[in-house]
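Have a look at the structure below, and then read on.

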Amino acid sequence: MLNVYQSNRTERLVDALCENLARNPAGPFDPTVILTHSFGLGQWLRIGIGERLGIAAGIVTSLPATWIWRVCQETLGLDEAADRSAFDAEVMAFVLARLTA
């Protein structure tokens, strides 16, 4: 399920997230994936969830591009060895250099 919450106050967002997690808990072996714009925010969310709910097990935070790449690999059956997205900055630099040469 996809839930989108918007606020300028991160405390309100983590409160809403915790309410949602308490109402709709994941299974014991199912991860709860939360997309964030930075690794620091993901760490802060896990700490906030742990403080409010007492535990933050099974919480996986990911950057949107990383998550999309993983979903594409799983859905399209792409080679698991291809751990780098074709849209990574380093890969794109070579593609752009070839196109502009």
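Trp 44 is partly exposed, with a relative accessible area of 33%. In this predicted model, Trp 44 sits in helix α2. Leaving aside residues up to four places away in sequence, Trp 44 touches Thr 10, Glu 11 and Val 14. Between Trp 44 and Val 14 there are 30 residues along the chain, and their C-alpha atoms are separated by 9.5 Å.

Asp 15 belongs to helix α1. This residue is partly exposed too, because its relative accessible area is 34%, a value between the 20% limit for buried and the 50% limit for exposed. Asp 15 and Arg 52 are 37 residues apart in sequence, yet 8.0 Å apart in space from C-alpha to C-alpha.

The two pairs can be set side by side:

| Residue pair | Separation in sequence | C-alpha to C-alpha distance |
|---|---|---|
| Trp 44 and Val 14 | 30 residues | 9.5 Å |
| Asp 15 and Arg 52 | 37 residues | 8.0 Å |

Now for the helices themselves. At what angle do α1 and α2 pack? Helix α1 covers residues 10–23 and helix α2 covers residues 39–53; the angle between them is about 60°, and their axes are 10 Å apart. The two helices are therefore oblique to each other, since an angle of 65 to 115 degrees would be needed to count as roughly perpendicular. The crossing of α1 past α2 is right-handed.

Which residues make this contact? From α1 come Thr 10, Glu 11, Val 14, Asp 15, Leu 17, Cys 18 and Leu 21, while α2 brings Trp 44, Leu 45, Gly 48, Ile 49, Arg 52 and Leu 53. Sorted by class, the contact of α1 with α2 holds eight nonpolar, two polar and three charged residues.

In soluble globular proteins, nonpolar side chains tend to be buried together. Here, the largest nonpolar core has eight residues in all: Val 14, Leu 17, Cys 18, Leu 21, Ile 34, Leu 45, Ile 49 and Ile 59. The elements giving two or more residues to this core are α1 and α2. Helix α1 supplies the largest share, four residues.

What does Ile 49 touch, not counting residues up to four places away in sequence? Its partners are Val 14, Leu 17, Cys 18, Leu 21, Ile 34, Gly 54, Ile 55, Ala 56 and Ile 59.

Conventions: Residues are numbered from 1 along each chain as its sequence is written. This is a predicted model: local features need pLDDT of at least 70, side-chain atom pairs count only at pLDDT 80 or more; totals for chains, interfaces and linings use all residues. Side-chain values use heavy atoms; hydrogens and water are left out. Axes are lines fitted to C-alpha atoms, for helices over the stretch in contact, and angles run from 0 to 180 degrees between N-to-C directions. Angles under 35 degrees count as roughly parallel, over 145 as roughly antiparallel, 65 to 115 as roughly perpendicular and the rest as oblique. A crossing is left-handed if the near helix is turned anticlockwise from the far one by less than a right angle, and right-handed if clockwise. Contact means heavy atoms within 4.5 Å. Ala, Val, Leu, Ile, Met, Phe, Trp, Tyr, Cys and Pro count as nonpolar, Asp, Glu, Lys and Arg as charged, and the others, Gly among them, as polar. A nonpolar core is a set of buried Ala, Val, Leu, Ile, Met, Phe, Trp, Tyr and Cys residues joined through side-chain atoms within 4.5 Å. Buried means under 20% relative accessible area, exposed over 50%, partly exposed in between (1.4 Å probe, protein chains only).
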